[in-house]
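Please keep the sequence and the model at hand while reading.

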Amino acid sequence: VITLNTNVGLYNHSDIVVHFRSSSLSIIDALQYKLDGTTSLTRKRGLKLATALSLNNRFVEGNHDSTISLTKKNLEASVTTMAKVQCPVLKVNFQQELTGNMKSKPTISSSSKLKYDFNSAQLQSSAKGTVDHKLTVESFSPYFSVETDTKGSLSGSVLSQKYSGAISSEANSYVDTKSIRSSVKLEGTSKVDGIWNGEAKENFAGEASIGNFYTVWEHSGKNHLQLRRGFSTNGEHNSKVTLELAPWTASSVIQVHASQPSSLFKKASLGQVVTLTASLKDQQASWKGEGHIQTASLSHNIQLSNDPTEIRLDMASSLEGYMSFLKDTLLPVYDTSLWDILKLDVTTSVNKKQYLQMSSALVYTKSHTGHWFSIPVKETANEFIIPGGELGSLVTPSSSLEGGYIRLAKKTSLAPFALSLPSLPQVKFPRVQVSTEYSAPEGSTLPFFEVTVPEFQVTLSAFTLPKKLPLAGAVLDLNEVANKIADVDLPSITMSEQSIKVPTLTFWLPAGIFVP
């Protein structure tokens, strides 16, 4: 037998209040509950909406409170939730808080926490752990940041076999008018008693700006495995990757090292390093590596380079180890081991290591006394004159084609202009003085044009978030909507004027062809 009782009330005085209550009665405790809820809307000095809920039961309990306040100068919100579950084999506690405001520095923060405990004698298993999560978002002209932090742990057993693990992560991002920065950190461990134990770490960081880009990734880990049949292994791994980009230059490094000895191989490791660098004048690439298995090892080194004088390729490799296995290698025709045929007893013995080394080099020497075919250019005080038939594609805003000749100005002034788009801030470009020079690069007989755009700043005008939005051919006035709900005006949110710096840009245009 169960009896239900529900009441709902609506009160409209100076404030609007809605009250809800529901409960049950039964001889079975699990079917009894009590639920209370209240929502109120206050319109004094703004708009405030508050909600409260509570639930009581033998197995489940919970509370929820939320508040949203809107005034002419600020918007605030807060939410709090708590819940409990208590069953014969499972216990769970959950808490969550969320707050936010739109004051001088708009901020949103959230935190959640979960605890659980599972224990079943019938299943001969148990698990207990926690999870914590935090999030923070901040926005204050001219920057924006996000930070998050998560941690978790777990321990328990299955059929008397104990296990445990943990994980944590941190991530953040930062954005302003000059750069973007982000980083991520992740760590984890796991363990099964008597069988497995491992840990791993990951780190990533990156930064990007107008004149530079840099990123790095790192990994490290350890592991141990022990099987009942006698096999065991212990390992350690590390790796790192970096990448950097800048105007006309680039570099990257890849590093890998791994070691995994075991009951089968007492020594087993691998190491590799790859390096790349490039610029307008020279480029280099290298690959170094080594590996070890038991008493044998193999290494190599390869380098490739290119500069104004030559292209060079160097290669080297070495192999070392014991060669006693050649005594057991019999040739069917001669019925003799390969060791005896090579007469290695004359020069060495099975107890000595043998070495094999190889190296080679390939060089291409560039000649600067070859033939070059250049475009005829006549230079005056203010411009360069090029026959139109030689380079008709070089007609640009800073040049003109008159009488069969291309006239390329040494100094060109680009007028300022502004770019405007609906509902977006105006972008202003200043006056820019572009210069052009005609010369031959260092160490070469090939002439070229050098076009330089100096450093300048792009300005984003002050911008106020609109309160009127076009919608399906009509205009939605958000301020009017707020006035009808509550006698308040929406707060004005304004982004101040921002400046973005653009670095100096230089372009090289060849004015001929060189044949070495």
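Is Lys134 buried or exposed? Lys134 has a relative accessible area of 53%, and it is therefore exposed, since that word applies to values over 50%. The model is a predicted one, and the points below are grouped by topic.

**Surface charge**

- Lys134 belongs to a positive surface patch, which it forms with Lys113, Lys115 and Lys151.
- In the fold, Lys134 is placed in strand β9, which covers residues 125-140.

**Positive phi angles in loops**

- Most residues other than glycine have a negative phi.
- Leu159, which is not a glycine, has a positive phi near 55 degrees.
- The loop between β10 (143-158) and β11 (161-175) holds Leu159.
- Leu159 is exposed, as its relative accessible area is 58%.
- Lys343 is not a glycine either, and its phi is positive at about 55 degrees.
- The loop that contains Lys343 runs between α1 (338-341) and β23 (354-365).
- Lys343 counts as exposed, with a relative accessibility of 60%.

**Surroundings of Thr81**

- Thr81 is part of strand β6, which comprises residues 75-86.
- Leaving aside residues up to four places away in sequence, Thr81 is in contact with Asn63, His64, Phe94, Gln95 and Gln96.
- Between Thr81 and Leu98 there is a C-alpha separation of 9.0 Å, while the two residues are 17 residues apart along the chain.

Notes. Residues are numbered from 1 along each chain as its sequence is written. This is a predicted model: local features need pLDDT of at least 70, side-chain atom pairs count only at pLDDT 80 or more; totals for chains, interfaces and linings use all residues. Side-chain values use heavy atoms; hydrogens and water are left out. Patches are made of residues with over 30% relative accessible area and no salt bridge: like charges are joined within 9 Å, nonpolar side chains (Val, Leu, Ile, Met, Phe, Trp, Tyr) within 5 Å. Accessible areas come from the Shrake-Rupley method with a 1.4 Å probe; for residues, only the protein chains shown count as cover. A salt bridge is a side-chain nitrogen of Lys or Arg within 4 Å of a carboxyl oxygen of Asp or Glu. Lys and Arg count as positive and Asp and Glu as negative; His and the chain ends are not counted. The place of a charge is taken as NZ of Lys, CZ of Arg, CG of Asp or CD of Glu. Helices (H or I, at least four residues) and strands (E, at least two) are DSSP runs, numbered from the N terminus. Buried means under 20% relative accessible area, exposed over 50%, partly exposed in between (1.4 Å probe, protein chains only). Contact means heavy atoms within 4.5 Å.
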